[in-house]
Amino acid sequence: MVDVGAKAVTARTAVATGRLVTRPDVITLVRADNLPKADVLATARIAGISGAKKTSELIPLCHQIPLSSVKIDFEFGVDSIAITATAKTTGQTGVEMEALTAVAIAGLTLHDMVKAVDPAARLTDIQLDDKTGGKRGHWTRDSDALGRTSDTVESAAVADLPAGASTPRPHTAAVIVASTGGAAGTREDTTGPVIGDWLSAHGYAVDAVTVVADADIAAELERVVSTCPAVILTTGGTGLSPTDATPEATRALLDRELPGIVEAIRTRGMAVTPTAALSRGLAGTVRGTVIVNLPGSPGGVKDGLAVLDGLLNHLVAQIAGGGAHE
């Protein structure tokens, strides 16, 4: 069973579809609810939802996950019934199997309901059509049809690189502020501009300073990583609030951790306030891009930048294969 403990908790959705193919006269009977087994669609819908809830019992090594929603829809064709299942959760792993299981069980129930009049009915075309959330972001079957292979989907950050970009762009940086209030416009962002100005003063062209809600930090961090800046500094979301998720989102992307950096930041902060010890920020690299989580307070940002002042350029140069920042 795959260990998903280090993955970020994100909102996840999966949509799966399938079809029961039968005769046109059987479709008419189902529409009129005139089969020997009545309430065909209602029974199939309940069966599909129950199937989704029991997926971890039916499929070996599937994780048990808390489903927040399962919806099953049916659409009549001339000689078929299309089945669509949408499953949702907020967690550390996806709901693809739950959506697919829901379609399969709903379809098998439809087959059981119509077999008395059409034993030749076929359940077919069961497939995943769409999924969102997690490290891979948003995937659709249509995007694969346009050229995104399964290998590309396996690493969305690599797939979404700008044309010609596969390594960090020299002397570039980005800033991400994790603040639900800041994203909603109810709280002024005072840390992002400070970090942006500091980076500019140290020779980095800052792509952008973005402010996102805590719940959106994983998706935004993945998006920014895909643009290949040399440095990404985040601020906020490193504490113990239930919504603080920056370390989890960062850990899911890192190739290598740099624990000495955040230890130095915490140590410097603790000289002023003992609560600095509670910061869970991380630092590390992902395909050559340096990521450092700074605390969300102005004082925490000041401490973090002071630590990076004599360190960041040397670190970036080392990763690029040199000894000093030019």
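Reply: A residue is called buried when its relative accessible area is under 20%, exposed when it is over 50%, and partly exposed in between (1.4 Å probe, protein chains only). At 16% relative accessibility, Thr93 counts as buried. The structure is a predicted model, in which local features need pLDDT of at least 70 and side-chain atom pairs count only at pLDDT 80 or more, while totals for chains, interfaces and linings use all residues. Residues are numbered from 1 along each chain as its sequence is written, and side-chain values use heavy atoms, with hydrogens and water left out.

Helices (H or I, at least four residues) and strands (E, at least two) are DSSP runs, numbered from the N terminus. Helix α2 covers residues 40–53, which is 14 residues. From its first C-alpha to its last, α2 reaches 20 Å, close to the 20 Å expected at 1.5 Å a residue; the expected span is 1.5 Å times one less than the number of residues.

Which residues of α2 are buried? They are Val40, Ala44, Ala47, Gly48, Gly51 and Ala52. Seen down the axis of α2, these buried residues fall within an arc of 135 degrees, so they line one face of the helix. The arc is taken from the directions that lead from the helix axis to the C-beta atoms.

What covers the buried residues of α2? The cover includes helices α1 (24–31), α3 (55–58) and α4 (96–114), together with strand β2 (67–76).

Several of these elements meet again in the nonpolar core, a set of buried Ala, Val, Leu, Ile, Met, Phe, Trp, Tyr and Cys residues joined through side-chain atoms within 4.5 Å. The largest such core has 30 residues, and those with the most contacts inside it are Val30, Ile72, Phe74, Ile83, Leu110 and Val114. At least two residues of this core come from each of β1 (10–21), α1, α2, β2, β3 (80–91) and α4. Helix α4 gives the largest share, 8 residues. In soluble globular proteins, nonpolar side chains tend to be buried together.

Not counting residues up to four places away in sequence, Val114 touches Leu20, Val26, Val30, Leu35 and Ala121, where contact means heavy atoms within 4.5 Å. A second, separate core of 24 residues includes Val175, Val231, Leu294 and Val307.

Beyond four places in sequence, Thr93 touches Val4, Arg12, His63 and Ile65. Thr93 and Val9 are 84 residues apart in sequence and 8.0 Å apart in space, C-alpha to C-alpha.

Charged side chains provide another kind of link. A salt bridge is a side-chain nitrogen of Lys or Arg within 4 Å of a carboxyl oxygen of Asp or Glu, and a search of the whole structure finds 11 of them. One of these joins Arg19 and Asp125 (3.0 Å, N to O). Arg19 lies in strand β1 and Asp125 in strand β4 (residues 122–132), so the pair ties together parts that are 106 residues apart in sequence. Arg19 counts as partly exposed at 31% relative accessibility, as does Asp125 at 41%.

Another salt bridge joins the side chains of Arg280 and Glu248 (2.7 Å, N to O). Arg280 lies in the loop between α12 (259–270) and β10 (283–286), and Glu248 in helix α11 (residues 246–251), so this pair ties together parts that are 32 residues apart in sequence.

The secondary structure comes to 14 helices and 11 strands. Of the 326 residues of the protein chain, 44% count as buried. Among contacts in the chain with a separation of 6 or more, 74% are between residues 24 or more positions apart.
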